[in-house]
Amino acid sequence: MSARTTTPPVQQERWQRELAAAVRCSKVLLERLQLEPALLASEEPIAKPAFPVMVPESYLQRMQPGDPRDPLLLQVLPRADEQLRLPGFSVDAVGDLEAQQTAGLLQKYHGRVLLITTGACAIHCRYCFRQSFPYSGLPVTTEQWRKAIQAIQADSSISEVILSGGDPLVLTDGRLEKLVQELEQIPHLQRLRIHTRLPIVIPARVTTGLLQLLRRTRLQPFIVIHANHAAELAGDCPAAVQRLVGQGIPVLNQAVLLRGVNDTVESLEQLSLGLINLGVTPYYLHQLDRVHGTAHFEVPEVDGRQLIAALAARVPGYAVPRYVREIRGATGKTPVLP
Ligand SMILES: *Cc1c(COP(=O)(O)O)cnc(C)c1O
Ligand code: SF4
């Protein structure tokens, strides 16, 4: 009997097909939304931005055709303003490079480390502070993770590993499982946190396999999703989020305060209420990190403080996220206080 020489093609999961089929061009994006490029003349989309366009279909479906100010569109459409180089903005505004211990392992805060599992994302957010982070050389295979895992093993003060990126849920369930199995064997680890935008942007990523993995691990899982606007909590997103919540997994949300996207009290209120109605706790509202290319999204802190105060006057206390900013060298996120 001859040995099998070829392995049968692995059936791609739906989310992987959605990822592969994401829109990767401003022109196509505008066409799909029935927007004339001329409509955006004052904020001309750049043909070939350094950080390429990437928008999955499910997310695109939640945009309003014909609306150039759509809050989802604004998060993903490159603008000429990105090329501005303003004082106070830099490549590594939050000190991630200096906090890196071994490739892909960041420890800034006591007891928890951030493991950058991949540089890839399922969407490219124009405001992202990691868009200019040097991902090449970061660990991408289990073998390359070994060093990071050894460093975690060697430090018994670490009780929580945060999988970050990029987006860790871009990894297949199989790769994640291998990683989680290695982490589980470290006795001092108690919690596994996953920071991901996938349940929002490709909700089909919340697979049965993922839920099983999270249910089986001895580590207490936490999922931190990332929605900035209530209109993101539509289409196939709410059901996916509820599948996570239904497993008893704590699901938290972090948002970034973004000019033109969510910088009104109405918008923040709708987001918070939309989240808590799904069983998600609004965790953080981040002041924008000042990286190059994002200045047009910045909301002054003085306005942010007023927005949070106005929000607190309208929703339950548990629906008010902590308004924070990241300061280089600080021992945690720094509250932006009234
Ligand atoms: C934000 C962040 C964390 C998590 O902080 P929490 O306040 O626990 O949510 C951990 N490590 C790094 C490097 C971070 O940037
Ligand atoms: S890291 Fe998060 S915020 Fe940045 S581009 Fe990826 S998904 Fe968007």
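The legends below describe close-up views of one predicted model.

Residues are numbered from 1 along each chain as written, while chains are lettered from A and ligands numbered from 1 in the order of writing. Local features need pLDDT of at least 70 and side-chain atom pairs pLDDT 80 or more, whereas totals for chains, interfaces and linings use all residues; side-chain values use heavy atoms, without hydrogens and water.

View 1. Ligand 2 takes up the space of the largest pocket. A pocket is found on a 1 Å grid over the protein atoms alone, as an open set of points where a 1.4 Å probe fits, with protein on both sides within 12 Å along at least five of seven lines. A molecule sits in a pocket if more than half of its atoms lie within 2 Å of the pocket's grid points. The residues around ligand 2 (a heavy atom within 4 Å) are Phe51, Cys121, Ile123, Cys125, Cys128, Gly166, Arg197 and His226. By class, this shell has five nonpolar residues, two polar and one charged. Here Ala, Val, Leu, Ile, Met, Phe, Trp, Tyr, Cys and Pro count as nonpolar, Asp, Glu, Lys and Arg as charged, and the others, Gly among them, as polar.

**View 2. The cis peptide bond at glycine 166.** The bond from glycine 165 to glycine 166 is cis, with omega near 20°. Most peptide bonds are trans. Glycine 166 belongs to the loop between β3 (160–164) and α7. Helices (H or I, at least four residues) and strands (E, at least two) are DSSP runs, numbered from the N terminus.

**View 3. Helix α7.** This helix covers residues 173–184, 12 residues in number. From first C-alpha to last it reaches 16 Å, close to the 16 Å expected at 1.5 Å a residue; the expected span is 1.5 Å times one less than the number of residues. Asp173, Leu176, Leu179, Val180, Glu182 and Leu183 are buried in α7. Buried means under 20% relative accessible area, exposed over 50%, and partly exposed in between (1.4 Å probe, protein chains only).

**View 4. Cysteine 25.** The structure holds zero disulfides, a disulfide being a pair of cysteine sulfur atoms within 2.5 Å. Cysteine 25 is in none, and the nearest cysteine sulfur, that of cysteine 125, is 18 Å away. Cysteine 25 is partly exposed, at 33% relative accessible area.

**View 5. Glutamine 34.** This residue is not a glycine, yet has a positive phi of about 55°. Most residues other than glycine have a negative phi. Glutamine 34 lies in the loop between α2 (26–32) and α3 (57–61) and is exposed, with a relative accessible area of 61%.

View 6. Serine 157 is placed in the loop between α6 (142–153) and β3. Serine 157 is partly exposed, at 34% relative accessible area.

**View 7. Valine 302 and valine 336.** Helix α12 (residues 301–312) contains valine 302. This residue is partly exposed, with 45% relative accessibility. Valine 302 and valine 336 are 34 residues apart along the chain, and their C-alpha atoms are separated by 9.3 Å.

**View 8. Glutamine 270 and valine 320.** Glutamine 270 is part of helix α11 (residues 265–277) and is partly exposed, its relative accessible area being 46%. The C-alpha atoms of glutamine 270 and valine 320 are 12 Å apart, and the two residues are 50 apart along the chain.

Conventions. 1 Å grid on protein atoms, 1.4 Å probe; cavity = no way out; pocket = protein on both sides within 12 Å on 5 of 7 lines; lining within 4 Å.
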